[in-house]
Amino acid sequence: MTEPLDPDEYERPRPTRVGPVRVRVPAKINLHLQVGPLRQDGYHELTTVYQAIGLYDELTARPGDTLTLTMEGEGTGELPLDGSNLVIRAARALAAYTGRQPHARLHLRKHIPLAAGLAGGSADAAAALVACDVLWDTNLGRDELAHIAASVGSDVPFLVLGGTALGTGRGERVSPVLAPPHSWHWVVAIADGGLSTPEVYRELDRLREAGLPLTDAVPPEALMAALRQRDPEVLAAALANDLQDASLSLWPALVDTLEAGLDCGALAGMVSGSGPTCVFLCADSRHAMAVADELGAMNVARTVLTAAGPVAGARVC
C-alpha cells in the first residue's frame, strides 16, 4: 500500500495523460439491508447485499492547472460543485494517497437522480477515482482504489468494484457474492424529489425507540442462497430493507407506488436504500418492460425505467 507523500514531494513532475478519460459508472440497489445499532462513531453497523444496475452516470477527466468540476443533467444547479462534492473529495483523496497535485478538469453527465437511494453521489466519486487514476497514470489496482474509496464514502468502494457484493461495517467493507452468472431485471420508479439518508436513519432510530412494529428482517443468508438458485420468485421472497419503514414514514405516498408496482405484476417491490426510489423485481426483460409501461401510466413516480443487474463498477469507456 502506498502511503501519502510529504507535501514537498508534490512538486515532483508526474506524468499526465494528454487526452480525455471517460468513465461510466452504475447506480446501486440494496437487495438486502440490515441495520444494526448506532455505533460510537455515529454510523450504524450494516449488513447489506449490493447490486450494481444498468443506470449510469458518466464522468470525463482532462488535464488541468487546478481541480474543477462542471456538470449537466440531473441535479444541475442543485448539486454543489465545490469541495463538499464527493467527486472533488475523491480526486483529492487519490492525489494525497499518490503524492501529487490534484489537477484535473472534471465534467459530469448525470442521469442518476440526487438523494434517491441509488448512491448517485458515491457512484460519481468512484468514477472520479478511476478516471483520475488513468489521467494521472498512477496505475493503482481496483482493490487499492477501493481502499481509498472507503475514506470518501460508505458506498464508494462497492461502486469501484460493481457486480453483486456483501457489504459490512458501515457498508465500506466489500466482498463479492459468489453466484452463477445471471441477469436480474428491475423496474426503477424514481420519485419527484429526494430523501436525506441521515434523516432516514434518524427516523428508523425513532421508530425503534418508540417500539412501533417494523417489517420482520430476512437473514442475508436467505438472499444469497436465492441468488445462487437464479429463480426470480425465490429472490423476490428474500428481498429486505430495514430502512423501508422509515422511508415510508417520511414519505407516505411511496406506499401507493409500491402497491401500484405489485398491481402491475411485479414479483416484489421495495424502497431502494434510503429511498425514495422504489425498485420492482421482474421475471425477465419482457416482463420488466410490461410492468414499466403500465406503472408509468399510473403517475405514481416522476420517471419509470428498466435496468438489469449485476453490471461492472466504474469503468473507462
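Predicted model: local features only at pLDDT ≥ 70, side-chain atom pairs only at ≥ 80, totals over all residues.
Q: Let's start with β1. What does β1 pair with in the antiparallel sense over 15 bridges?
A: That's strand β2, residues 44-62. The two form a hairpin with five residues between them. G42 sits in the turn and has a positive phi of about 90°.

Q: Which residue in β2 is the bridge partner of H32?
A: V49 is the partner of H32 there. H32 also stands opposite A240 in β8.

Q: How does β8 run relative to β1, parallel or antiparallel?
A: Parallel, with two bridges joining β1 to β8, which covers residues 240-241. β12, residues 315-316, is joined to β1 by two bridges as well, but that pair runs antiparallel. In β12, V316 is the bridge partner of V23.

Q: Why is β1 described as largely enclosed by the rest of the structure?
A: Because 13 of its 18 residues, in the stretch 21-38, are buried.

Q: Switching to β3 and β4. How many bridges are there between them?
A: Seven, in the parallel sense, between β3 (residues 67-73) and β4 (residues 104-110). L67 faces A104 of β4. To get from β3 to β4 the chain passes through helix α1, residues 86-98, and this β-α-β crossover is left-handed.

Q: Now the open sheet. What's the strand order in the four-stranded one?
A: β9-β10-β7-β11, with antiparallel pairing. β9 and β11 (303-309) are the edge strands, each pairing on one side only. On average, neighbouring strands in this sheet are turned by 25° against each other, direction ignored.

Q: Which strands does helix α10 touch?
A: β7, β10 and β11: α10 (residues 285-296) packs on the sheet, and its direction makes about 15° with that of β7. Helix α9, residues 254-263, lies across β7, β9 and β10 and runs at about 15° to β10.

Q: Take T257 in α9. Is T257 buried or exposed?
A: Buried, because its relative accessibility is 4%. Leaving aside neighbours within four places in sequence, T257 is in contact with A189, C278, F280, L295 and V300.

Q: Is C282 buried or exposed?
A: Buried, with a relative accessible area of 1%. C264 counts as buried too, at 9% relative accessibility.

Q: Last topic: where does S274 lie?
A: S274 is in the loop between β9 (268-271) and β10 (278-282).

Q: What joins the side chains of S274 and T197?
A: A polar contact of 3.0 Å. Not counting residues up to four places away in sequence, S274 touches G117, L195, T197, V200, L243 and S247.

Note on methods: Residues numbered from 1 in each chain as written. Heavy atoms only, no water. Polar contact = N/O pair within 3.5 Å; in protein donor to acceptor, adjacent residues only side chain to side chain. Contact = heavy atoms within 4.5 Å. Pairing = 2+ DSSP bridges. Axes fitted to C-alpha atoms, helices over the stretch in contact; angles between N-to-C directions. Buried < 20%, exposed > 50% of the residue type's maximum accessible area, 1.4 Å probe, protein only. Right-handed = clockwise from strand over helix to strand, strands pointing away.
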